[in-house]
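Reader: I am new to reading protein structures. Could you show me the sequence and the model, and then help me with a few questions?

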Amino acid sequence: MTMATAPLTTAFAEAIVHSDPTRDPAAIETARTAIIDFLACAIAGASDRTTGILGRAIGASLPGEAILIGKGRSTDPLTAAVVNAYAGHVLDYDDVHSSVRGHPTTVIIPALLALVAERKFSADELVASYVVGLEAMARLGLSIGSKHYENGFHATATLGTVGAAAAITHLTKASVEETAIALGLAATQSSGLRLQFGYDAKPYHAGMAAQSGLLAARLAAAGFGGAPDFLDNAVGFHSAFSFGAEKLDTLTANWGAPWQIVSPGLTLKAYPCCTASHPVASLGVELHREGLVPDTIETIIFTYPPGADAALVVSKPTNGIEARFSPEYVFSAALLDGALRLDHFDDRPVEPRIMALASRAGRRHDESAPRMSTDPTTRFVILDIALKDGSTVTRRFDGLPGVTDPTEKFHDATAGNPAYAEIPSLVRSMSSPADLDRLLALLNQDAIQNHI
């Protein structure tokens, strides 16, 4: 097999290698904002009980040069990639991208941070390579079609391996040939099933992808062999994962024009739960502010377009982790409390007062509506509430809510601790290798010791 007989893979690798997002100030500014958002999630997630379990199980106590965010110690790069990606996703508070139908930053940034422990790079180079990795992951998401996710794969994991490898090969200035092999080695490690939603394994998917992408790029750089045609082969990536719904023309057409990080762009989460539940969360907060009394409610019905609640796999959660994937719980907590906090979604049993209201909620689908796709305009939810006095309340939410500036989110996630206060301004301005070293030093502090 030669590059000439693998035109799709070659074009994809060439786009990755030759990308220069530094020419687009909007892409770079957006990337810096997304990195701040990710670091907020990862610092907060570093002290999660299950992050500790994962670290102990995979040997993160062994010495190395790669930092463990919020842990105050270092380990080997492959292990750090797993733990840091897990920490970024464990609270389900990290960003989402509609083309991916998943979470790109929590995979790509940990892989890049692990690499910079081994080799010197500038902060500008890291930010640019993050943009390229996200572009690759999003383009692959567009090309894979909707059936990949709907049939049970978790795109954060399956596409993230390739996105992380793309970011690494761009940062290391790998050749087209080496990049193609790295992408194939990443793709052969693609795995992750949505059946794990609501379990510790779900954020582990982000860790798997970060580690696999980094490992794939390192293997290819070392001369390790692999198929150079993962997009062209008759038994390649799309044959295995698309279920006949692939759209190969979206892989490289108009690459970076605009960058996927700019349009359709990332959604930075306003609430620490599954993105698909955010519209009903906003409706719950809105109705709380309007003074709707929960005790007056008879029934609650959410109407979604087909496929829009595929990620919302829990109706009757038993703990806060499961509740992240329950619109019934999310809406009820938002209506009762007027906000959604991290402690609504920890591993304690759900509160009976919230579940008493959630038990009155149900779902339906509007089969006449377009099936939800990567196009954000196909996403909506209609809320119909029947009150005990016979009256009704109806609301509709189109698209997804989100935050544009994560500075306050960072402050809240880090409990306002001054040990981390410099990070947002540093990320917005960092450029040199010294700036990147400063960021790593700030991240390499113990979140638990600092009472986060």
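This is a predicted model: local features need pLDDT of at least 70, side-chain atom pairs count only at pLDDT 80 or more; totals for chains, interfaces and linings use all residues.

Reader: What kind of aromatic pair do F237 and F241 form?
Author: Happy to start there! F237 and F241 both lie in helix α12 (residues 237-241), four residues apart, or about one turn of the helix. Their ring centres are 4.9 Å apart, and the angle between the planes is 75°. Planes over 60 degrees apart count as one type of pair, so the pair F237 and F241 is edge-to-face.

Reader: Are F237 and F241 buried or exposed?
Author: For this one we look at accessible area, where the cut-off for the inside is under 20% relative accessible area. By that rule, both F237 and F241 are buried.

Reader: Where does F345 lie, the partner of Y329?
Author: The rings of Y329 and F345 have centres 5.8 Å apart and planes at 65°, so this pair is edge-to-face. It links distant parts of the chain, with the two residues 16 apart and Y329 in helix α16 (residues 327-337). Both Y329 and F345 are buried. As for the partner, F345 lies in the loop between α16 and α17 (352-358).

Reader: Which residues does A323 touch, not counting residues up to four places away in sequence?
Author: A323 is part of helix α15 (residues 320-323). With 0% relative accessibility, A323 counts as buried. Leaving out residues up to four places away in sequence, A323 touches P317, Y329, V330, F345 and V350.

Reader: How far apart in space are A323 and A182?
Author: In sequence, A323 and A182 are 141 residues apart. From C-alpha to C-alpha, their distance in space is 37 Å.

Reader: Which ring does the charged end of K409 sit over?
Author: There are two cases to look at here. The charged end of R396 sits over the ring of F380, 4.3 Å from its centre. For K409, the charged end is 4.1 Å from the centre of the ring it sits over, and that ring belongs to Y93.

Reader: How wide an arc do the buried residues L436, L439, L440, L442 and L443 of α20 cover around the axis?
Author: These five residues are buried in helix α20 (residues 433-443). They are on the same side of α20, because the arc they cover around the axis is only 160°.

Reader: What covers the buried residues of α20?
Author: Several elements take part, both helices and a strand. The cover includes α2 (25-46), β1 (66-68), α5 (105-115), α6 (123-144) and α19 (423-429).

Reader: Which elements give two or more residues to the lining of the largest cavity?
Author: A search of the whole structure finds three cavities of 30 Å³ or more, and the largest holds about 80 Å³ of space. Of the 13 residues that line this largest cavity, V90, Y199, P203, I321 and R324 are the closest to its centre. The elements that give two or more residues to its lining are α4 (77-89) and α11 (201-221).

Reader: And which elements give two or more residues to the lining of the largest pocket?
Author: The largest pocket has about 410 Å³ of space. It is lined by 27 residues, and the closest to its centre are V96, S98, T275, R379 and L400. The elements that give two or more residues to this lining are β3 (96-97) and α13 (261-265).

Note on methods
Residues are numbered from 1 along each chain as its sequence is written. Side-chain values use heavy atoms; hydrogens and water are left out. Rings of Phe, Tyr and Trp (its six-membered ring) pair if their centres lie within 6.5 Å; planes under 30 degrees apart count as stacked, over 60 as edge-to-face and the rest as tilted. Buried means under 20% relative accessible area, exposed over 50%, partly exposed in between (1.4 Å probe, protein chains only). A charge sits over a ring if NZ of Lys or CZ of Arg is within 6 Å of the ring centre and within 35 degrees of the ring normal. The arc is that of the directions from the helix axis to the C-beta atoms. Contact means heavy atoms within 4.5 Å. On a 1 Å grid over the protein atoms alone, a cavity is a set of points where a 1.4 Å probe fits but cannot get out, and a pocket is an open set with protein on both sides within 12 Å along at least five of seven lines; lining residues have an atom within 4 Å of a point. Grid points are joined across faces, edges and corners, and a volume is the space filled by probe spheres set on the points.
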